[in-house]
Amino acid sequence: MVGGGTSGLWQNLRASLRQAAHTLRDVIRLIRANGPSQIQFWFIALGVGIAAGFAAVFFRKGITALQSWVYGAPDIQRIHSFAADLHWIWLVTPPVIGGLIVGLILHNFTEDGRVRSVADVIEGAAMNEGRVERRAGLASAAASLITLSTGGSTGREGPVVHMAAVLSTWVSNWIKADGITGRDLLGCAVAAAVSASFNAPIAGALFALEVILRHFAVHAFAPIVIASAAGTVINRLMFGDVTEFTLSQANTLSFYQELPAFLMLGLTCGLVAVVMMRTIFWADDVTTRWQARFAIPRYLRPAFAGLALGVLAIGFPHIIGVGYETTSAALTGSLLWHEALVFAVLKVVAVAITMAGRMGGGVFSPSLMVGALTGLTFGYVATALLPDVSGATTLYALAGMGAVAAAVLGAPISTTLIVFELTGDWQTGLAVMVAVSLSTAVASRLVDHSFFLSQLERRNIHLAAGPQAYLLALFNVANVMRPVSDENAASTEHCWELIEQGVYVDGNATLEQAMPLFEASNIGFIPVVTLGGEDAPPELWGALFQVDALRAYNKALAETAAEEHS
């Protein structure tokens, strides 16, 4: 009887499992065929958030383990103090070897030898239905891991954000997500990665909305928050509920009397952020010219940058890695005035060398460090000039940290919140907000809104001006034109007359190149051709009518507006 009962129980259990498996397969087929419903999408967002959270945590742990092995440091949080006692050969060798490995990785796994980062995620959200390059993205994550572990002077948020975007791209392709769903999944992955990396759930969610998606649509808010919360849970399971920085004293603000000083700090930090960004771009341009002039193989470019970093680290080991020890020292007032000033300048130089060398990493953590050092330097001066109406010097370091980072990222809301979440200090919000608002206003007038959008602008990807500027680049002329065989096609004779006058557009061009031709020629249509060789005549495909181009553009604008306000 017992045997028979047990056998029947197992049979029922196997039957239930088979039924559950069939049901799951049916659900997956339904999602892939028709897209997920709202409730299903929330569960997918939760899964993506968990996966991105683990990826961010393991990336952080990987940096810690590899950096400990490379430098032999028992406590990575005090890597700068430990490195100061190392022989110079152990400061120069790691970044050179690391740069060589990075160069070989990028040379073999990317088309242009360039590390993918936050700017590419923004581009993917705006112009590629929430997708990013997967192969190049994984190579970039490996390159950034090595860079940050062997003396590179950047941050981990850029690689983590792109790595999360690779995960969401895989899921979006698997479920055949449309553009809106793909972008929302991308936002979920980024929010989880940021919150898991910094234990900052609020800032993680807002960073995804403010920086990546660049809108605050209601339909995206709930799944992104769910994913961000999942990422935070992963972080706290691994590291505990602790803040990145611990402040040693209470920050006090002598409210009305001291607010003008924080206005001046905001203006100063905005200028510092602009100098930092332009220094990085200038260094990249100079290095590119040198590389071309001396015919340096692109896989050696990171190694030369590593050599420069190693030499700089001999005298100033504070430039090594993310820089949290020095940032913490600034926030606790443990540095002298001249130390804070010199370290801020050298950090900007080190970041410029690292990024110009195409070594990998992000700019968020360096901007936090530069901001804290700038704020502390300013605070020493302000409190010395007006000691009777001044609060704590470290409050200026806290406000400066947020002000420079907000100006660099072009994200005043999420950066303000991440400063609070990184430090646990919510009592000095007025000072931080004043400094952040002024710095962002100043920097946005002098660069293309942020470091990331400026990067894209340098690649002729015009996202800073909004959808009206970049949507035209999404349409190929060949997909909008009326072919020769169309019953409403333009007259062949008229087309050839225009071609002979030099008025035509290549079939592989986009509307971004075609629309200025309508304004210049003041005609209703432009011939579309394929250019042959030097002696071969062009082949006529058809004609692009201005009314068709405007119709496609207006439809895209309407769809974008509907998504951003839904």
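This is a predicted model: local features need pLDDT of at least 70, side-chain atom pairs count only at pLDDT 80 or more; totals for chains, interfaces and linings use all residues.
## Helices α4 and α6

Two packed helices are described by the angle between their axes and the distance between the axes. For helix α4 (residues 89-109) and helix α6 (residues 134-149), the axes come within 9 Å and cross at roughly 180°. Because angles over 145 degrees count as roughly antiparallel, α4 and α6 are described as roughly antiparallel to each other.

On the α4 side, the contact is made by G98, I101, V102, I105, L106, N108 and F109, which meet R135, A136, A139, S140, A142, A143, I146 and T147 of α6. The residues of this contact divide into ten nonpolar, four polar and one charged.

## Helix α9

Helix α9 (residues 201-213) has 13 residues, which at 1.5 Å a residue should span 18 Å, and the 17 Å between its end C-alpha atoms agrees with that expectation.

Most of α9 is covered, with eleven of its 13 residues buried. Just after α9, R214 takes a positive phi of about 65°.

## The loop residue H87

H87 lies in the loop between α3 (79-83) and α4, and with a relative accessible area of 46% it is partly exposed. Although H87 and I314 are 227 residues apart in sequence, their C-alpha atoms are 8.5 Å apart in space.

Methods. Residues are numbered from 1 along each chain as its sequence is written. Side-chain values use heavy atoms; hydrogens and water are left out. Axes are lines fitted to C-alpha atoms, for helices over the stretch in contact, and angles run from 0 to 180 degrees between N-to-C directions. Helices (H or I, at least four residues) and strands (E, at least two) are DSSP runs, numbered from the N terminus. Angles under 35 degrees count as roughly parallel, over 145 as roughly antiparallel, 65 to 115 as roughly perpendicular and the rest as oblique. Contact means heavy atoms within 4.5 Å. Ala, Val, Leu, Ile, Met, Phe, Trp, Tyr, Cys and Pro count as nonpolar, Asp, Glu, Lys and Arg as charged, and the others, Gly among them, as polar. The expected span of a helix is 1.5 Å times one less than its number of residues. Buried means under 20% relative accessible area, exposed over 50%, partly exposed in between (1.4 Å probe, protein chains only).
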